[in-house]
Amino acid sequence: MLDIYAGKNALKIIQEQGFKQELFTNFLGASGGPKWFILFGLDKYLFSDFFKNRTTELNLIGSSAGAFRAAALTQKDPIKAIERLAYTYANTVYSTKPTPQEISNQAVNIVDQLFAKNGADEIINNEIFKAHFLVAKCNGLTSFDNKIMQGAGLLNSMLLNKVDRKLLSKQYERYIFQHPSSTLTINDPYNFSNVYESLAPDNIKSALLASGSIPMVMSGIKNIIGSKNGTYRDGGIIDYHFDFSLSNNKADKYRASEQNLKVDSSKVEYALTLYPHFSAEPKAGWFDKSSNRRVLASSYENTVLLAPSQSFIQSLPYGKIPDRTDFTKLDAPTRIKYWLEVLEQTDKLAQCFNEFVVKQNIAKMKAFQP
């Protein structure tokens, strides 16, 4: 039911050390709207069992839906928080032809339910599980909410991306709203501008809403407090499924072993990234969804990617993962029933992963090959 892929360095380390939570310093959450429902069981297992009693920091980095998951999983009770997120989102109902403002208003409600009474403070003050929300600051025509102007800007983005992904840096800047004590840095082979901002009580809600504000579908978030004035939108524009590597000043990143230095391997802190994802073929950015461009192998050298198998996906209602088109293709009661069934079925993926960890079935891991 679950396929497990590992980049070159990650596979070597796990073959030597075994599969254990201490090897991971990062956790990725991709964009994709309700597609993340397929990961619901894994999220609950990982943060109630696999990472239980963790004493070293784990950086949770997410864009759009992945940022919402990070906001849930860095609260004091991550299981209740991720359940609030899942069930609030699944039961959301829109009018027949919702305006961007209506969809944005519903997003505010989802965030309010997710944060509950103390969630924002718990995220900011969590010194073990540290949240990072990826947001795209839009420049030029993409900064306008007027659909004609924004559409022209997005069309230009699509054309630029076809030529070279690096050209998108003319229109977008990556903002990383991160835990106040985070030392994480993003190493981007496409040279997007990285701006790091600390999460605070007066910006955390706006930053999270911005990370999920889909172009043309929702209103952009204007002038986030403490950041440069402008329009902020969905982090998936730049980082749909990610094509970068991560560094942390506190982690060795297998450097000593690569240099053949004599070290006590039990004391080396490895910087691997755990990436539960709904696809075994990640795409870099929003404009790569329908392209043949592959992510760079170098971006995934230290990553373990967990993905539902095709046979598991085919066993779901309608034989597919939930997605945003379900809002228009299905009536609300049918969609909600379908989505809730998927949430329930994903416990099977958690059981598969638990069996893999307990039995240390390392031989079942596959080399990640973009």
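Guide: Asp 243 sits in the loop between strand E9 (231–234) and strand E10 (245–248). Helices (H or I, at least four residues) and strands (E, at least two) are DSSP runs, numbered from the N terminus. This is a predicted model: local features need pLDDT of at least 70, side-chain atom pairs count only at pLDDT 80 or more, and totals for chains, interfaces and linings use all residues. Residues are numbered from 1 along each chain as its sequence is written, and side-chain values use heavy atoms, with hydrogens and water left out.

Visitor: Which side chain joins that of Asp 243 in a polar contact?

Guide: A polar contact is a pair of N or O atoms within 3.5 Å; within protein, one must be able to donate a hydrogen and the other to accept it, and residues adjacent in sequence count only if both atoms are side-chain atoms. The Asp 243 side chain also reaches the backbone nitrogen of Leu 296 at 3.1 Å. The side-chain partner, at 2.6 Å, is Tyr 190.

Visitor: Why is helix H8 (residues 204–211) largely enclosed by the rest of the structure?

Guide: Look at burial along H8. Ile 204, Ala 207, Leu 208, Leu 209, Ala 210 and Ser 211 are buried. H8 is largely enclosed because the buried residues number 6 of the 8.

Visitor: How much space lies in the largest cavity?

Guide: On a 1 Å grid over the protein atoms alone, a cavity is a set of points where a 1.4 Å probe fits but cannot get out; lining residues have an atom within 4 Å of a point. Grid points are joined across faces, edges and corners, and a volume is the space filled by probe spheres set on the points. The whole structure holds 1 cavity of 30 Å³ or more. Its space is about 110 Å³.

Visitor: Which residues lie closest to the centre of the largest cavity?

Guide: Strand E2 (24–29) and E10 each supply at least two lining residues. Of the 15 lining residues, the closest to the centre are Ser 245, Leu 246, Thr 273, Ser 299 and Thr 303.

Technical notes
Buried < 20%, exposed > 50% of the residue type's maximum accessible area, 1.4 Å probe, protein only. 1 Å grid on protein atoms, 1.4 Å probe; cavity = no way out; pocket = protein on both sides within 12 Å on 5 of 7 lines; lining within 4 Å.
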